[in-house]
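Hi everyone, thanks for coming. Please have a look at the structure on the screen, and I'll walk you through a few parts of it.

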Amino acid sequence: MSDPVKKYWEFRLEEARQALEDNDFEAHVASDAKEAGKLVLKDILPRLKAKSFSFGGSKTLADTGIYDGVLKIKGADILDTWDKKLSEDQKYELRRESLLVDCFLAGTNAVTEDGMLVNLDRIGNRVGAITFGPRHVVLLVGRNKLVEDLQAAFSRIKDYAAPVNAMRLKKKTPCVKTGRCHDCKSPDRICNLWAITEKSFPQGPDHRGPDQRGHGVLVHERAYRSSVVPSGRERAFQVAVEETDLWVVAEADLARPMAALVHALRGELKTYIDFHPEFLHSLDPVDVTGSCPELVRRMAQAGKACSVGPMASVAGAIAQAVAEPFVGQSPNLLVENGGDCFLASTRERVVALLAEPGEDGRSRAGVGLRLAAEDFPVALCSSSGTIGHSLSLGQGDLVAVRAPRAAMADAAATRLANLLTTPKDFQRLLDEAERLEQTAGIQGVFAQCKGKVMAWGEIELVALG
C-alpha cells in the first residue's frame, strides 16, 4: 500500500458518507478544497436551481472558493451576511431573511461516525437555517470535524472550536485568555444554542412539500499541498496522527516510522500537559522542570525567547523533531506541519510564500524564497491573522520567519504576526525582528499586510509565475 494514511482516510470518509446517506443526507467526498468547490459550484448548485442564497459562518466556504463563486452567479439574489460594509443591525436583519432563501451554505462543528450533525451557535441563524427554513442546505465539512460520538462532538466544540472561534472573533470571554471553556456568562459568549441533527427531513417520494434535504461535502485534505511536486527520487506522503497532520517529501517511504515517532512525541507532550495544564493554555512564557521531554523543553525555550506561550511553537517543534532522525536516510527531506516547515536539502530550493485560497480552491503564491544548498537545514514557519485556524492577535495576511530551529521560527512568527494590523506596523516588526535575532536566532522575516510587503534579513525573494 503506497500511502497507508491516505487509504485510512478514504476508509473513514467513505464510512462517514454512508452513515450520512443512511440518515437521508446527500453526501459526497472531495479529495481537496479545489474538488469540493468544483463539486458544489458545477454539480450540486445547478441541480438545485436555487435563485436566492445566503451563508452561515464557515471558513471552508471561503477556502474552497464557493463563497466567491456564489457571489458571481448571474441573476441570483444574494443575502450576504459576510459583507463587512453592513452595520450589525443590517447583518441581523439579513440573517433573519436568510432563513427563507432557496439555498443556505455553511459549515458544521462536528459530524459523528454514525452520521449526526452537531452545531453550537451564538445567535442561532446558522443552526436555525440548518434545521428548518431554506429549501436546500449545503454544508462543507473538513475531515477534522469527524468525531466518534456525541460526547466527542460536545468535547471538540466546547474545548477547542469555541475557544478558537472566540479568539478569532476577538471576543471578550474568559476562554480567549485561557484557551479553555469556563461556561461563562459574558455578553460576548458565542456558545448559546445547540442543534443535533439525527436525520435530514424531508426525504422520499411521499413528501409533498418543498425539498429541504441536506447536502454535505466532506473535504479530504489541505488543497495547497497538491501544488507540491516531488522531483527525481523524491516522493510525497502524509503522516496523520490525531490532530497532527504532516506532509512529507522524502527520498524514501518513511510514513510508518514517522507516524510511530509522531505518536510518541504526542504522548510525551500530552502526559506533560496532564501534570502541567498551564503549558497548554498560557499565552505567556512558561518555565518547565529539568526532567521534561526534549520537545517540551524546545517549546518552552522558544516561548521565552519570543515572549509568547509555549504552544505557539508546537507545529514547528514537531516538524523538526520528526525530520531530524531521518535526515541520514533522506538527505533531501521536507516536513510541513500546517504551514510550518523544517527542510534539509543537497541543492537549491524555492519555497512558495503567501499561499492564499483562490476562487477555485487552489492555493495561490505570488512570491517565493530562494534557498541555496548551503542554507540547509533550515526552518520556515508562518502565522496569519486572515488565513488558517491558528490563533493570531493581528490582522496581517502572512508573517514567515526563517531560522535554524523550527520552534524558534514558529514562536517568532506568532510574536510578529500579533504585532501586524496595518502596513504602518512594519517598523514595529523590523524592530522586534532585530530583538528576536538576538534572543531566538532568527535569520529573516517576510510579511504581507493589505497588499504591502516587507522583508528583513536573509530573505531572497523570487517571483512565481
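The protein chain exposes about 21800 Å² of surface, and carbon and sulfur atoms supply 52% of that. Keep in mind that this is a predicted model. What share of the 465 residues counts as buried? The figure is 52%.

On to the fold. The chain has 14 helices and 23 strands. If you take the contacts with a separation of 6 or more, 63% of them are between residues 24 or more positions apart.

Four strands form an open sheet in the order β8-β5-β6-β9, and the pairing is mixed. Which strands stand at the edges? They are β8, residues 146-147, and β9, residues 193-197; each has a single partner strand, so one side of each is left without a neighbour in the sheet. Strand β5, residues 110-112, pairs with β8 in the parallel sense over two bridges, and there you'll find Val111 opposite Leu146 of β8. Across β5, β6, β8 and β9 lies helix α7, residues 150-168, which runs at about 30° to β6.

Last stop, a pair of helices. Helix α11, residues 294-306, and helix α13, residues 406-419, have axes that come within 9 Å and cross at roughly 35°. The crossing is right-handed. On the α11 side, the contact is made by Arg298, Gln301, Ala302, Gly303, Ala305 and Cys306; α13 brings Ala407, Met408, Ala411, Ala412 and Arg415. Sorted by class, that contact has seven nonpolar, two polar and two charged residues.

That's my tour, and I'm happy to go back to any part of it.

Technical notes:
Residues numbered from 1 in each chain as written. Predicted model: local features only at pLDDT ≥ 70, side-chain atom pairs only at ≥ 80, totals over all residues. Heavy atoms only, no water. Pairing = 2+ DSSP bridges. Contact = heavy atoms within 4.5 Å. Axes fitted to C-alpha atoms, helices over the stretch in contact; angles between N-to-C directions. Left-handed = near helix turned anticlockwise from the far one by under 90°. Nonpolar A, V, L, I, M, F, W, Y, C, P; charged D, E, K, R; others polar. Buried < 20%, exposed > 50% of the residue type's maximum accessible area, 1.4 Å probe, protein only. Areas by Shrake-Rupley, 256 points an atom, 1.4 Å probe, with all protein chains shown as cover.
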